[in-house]
Amino acid sequence: MIILVGSEKGGVGKSTLSTNFAVLLASLKKDVVIVDTDRQSTSANWAQYREETEQPRIDCIRQYGNLTKTLESLNTRYNIVIVDCQGSISKELQTGLLAADIVIMPFRPSQWDLDTLPSMLEVIETAKNFNSKLNACAVMTMCPTNSRIGELEEAREFFAAYPEVTLLKNVFFDRKVYRDAASSGLGAIELNNDKATAEVHDVCKEIISIYLSKIEGNHGE
Ligand SMILES: Nc1ncnc2c1ncn2[C@@H]1O[C@H](COP(=O)(O)OP(=O)(O)OP(=O)(O)O)[C@@H](O)[C@H]1O
Ligand SMILES: [Mg+2]
């Protein structure tokens, strides 16, 4: 199964989602590879830092340009291929969507982030002409932990107008532990932070439960 993490906007949490999802999937004994398609090399650097920890290594390859064939090939060797894209409508995003099973779009609960959804949906719609299995999914990230701030509810209302996107019920809150994990090559679930561990499990298990049959059916095809 190929999961592409993409957005038109930078800094929304794509690499954080990619690395934390990879750690959780590896802990569930899935063979997982991250494909870092962003020349910033955030995920690739993270995987490098991870080599210096006691944690099991996670494969990460850098790949730029046309991704379609590379992803299809990796998909025969791994249970899950996670593609971490740069924050723009790049060639990597467009060609990756031709092979992906799911595109996950992280959004902070901010109107400027949400305003990028229609142009992402246009790119996804075009890809679907060639790749009808593609599913579009969105997750809210860096949400304020203060429940009195209504931004999350406003974002949910915004998504209600786009039924072609599955907005996950579970969200990532804004927690320092994600930045700590990022800089040490770890996933938040490896840092003994109960709240972050619970939410990473909740988000990732929600993704798995929606798309599980495909994940199980895909390895080695
Ligand atoms: N849930 C969170 N809580 C706190 N900080 C977060 C969270 N998610 C991401 N961050 C931090 O926000 C910054 C941007 O996140 P990240 O690098 O994952 O975004 P990105 O979409 O991959 O960015 P880019 O478009 O530049 O590749 C990083 O410093 C990251 O550690
Ligand atoms: Mg990134």
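Trainee: What should I know before I start reading the model?
Mentor: This is a predicted model, in which local features need pLDDT of at least 70, side-chain atom pairs count only at pLDDT 80 or more, and totals for chains, interfaces and linings use all residues. Residues are numbered from 1 along each chain as its sequence is written, while chains are lettered from A and ligands numbered from 1 in the order in which they are written.

Trainee: In what order do the strands of the sheet stand?
Mentor: Seven strands make an open sheet, ordered S3-S2-S4-S1-S5-S6-S7, and the pairing is parallel. Helices (H or I, at least four residues) and strands (E, at least two) are DSSP runs, numbered from the N terminus. Two strands pair if DSSP finds at least two bridges between them.

Trainee: And which strands are at the edges?
Mentor: Strand S3 (59–62) and strand S7 (166–167) are the edge strands, each pairing on one side only.

Trainee: What holds paired strands to each other in general?
Mentor: Strands of a sheet pair through backbone hydrogen bonds, either parallel or antiparallel.

Trainee: How many bridges join S1 to S4?
Mentor: Strand S1 (residues 2–7) is joined to S4 by five bridges, and the two run parallel. Within this pairing, Leu 4 has Val 83 of S4 as its bridge partner. Val 83 is also the bridge partner of Val 35, and S2 is joined to S4 by five bridges.

Trainee: What about S2 and S3?
Mentor: S2 and S3 pair in the parallel sense over four bridges.

Trainee: Why is S2 described as largely enclosed?
Mentor: Five of the five residues of strand S2 (residues 32–36) are buried, so the rest of the structure largely encloses it. A residue is buried if 20 or more other C-beta atoms lie within 10 Å of its own, exposed if 12 or fewer, and partly exposed in between, with C-beta atoms placed from the backbone. Val 32, Ile 34 and Asp 36 are buried on one face of S2, and Val 33 and Val 35 on the other.

Trainee: Which residues does Leu 74 contact?
Mentor: Leu 74, in helix H3 (residues 68–74), is in contact with Val 33, Val 35 and Val 81, leaving aside neighbours within four places in sequence. Contact requires the C-beta atoms of two residues, placed from the backbone, to lie within 7 Å. Leu 74 is itself buried, because 20 other C-beta atoms lie within 10 Å.

Trainee: How many residues has the largest nonpolar core?
Mentor: The largest nonpolar core has 63 residues, and Ile 3, Val 81, Ile 82, Val 83, Ala 100 and Val 103 have the most contacts inside it. H1 gives the most to this core, with six residues. A nonpolar core is a set of buried Ala, Val, Leu, Ile, Met, Phe, Trp, Tyr and Cys residues joined through C-beta atoms within 7 Å.

Trainee: Changing topic, which residues come nearest to ligand 1?
Mentor: Gly 10, Lys 14, Ser 15, Thr 16 and Gly 87 come nearest, out of 20 residues around ligand 1. A residue is near a molecule or strand if its C-beta atom, placed from the backbone, lies within 6 Å of it.

Trainee: Which elements give two or more residues to that shell?
Mentor: They are helix H1 (14–27), strand S4 (80–87) and helix H8 (176–183).
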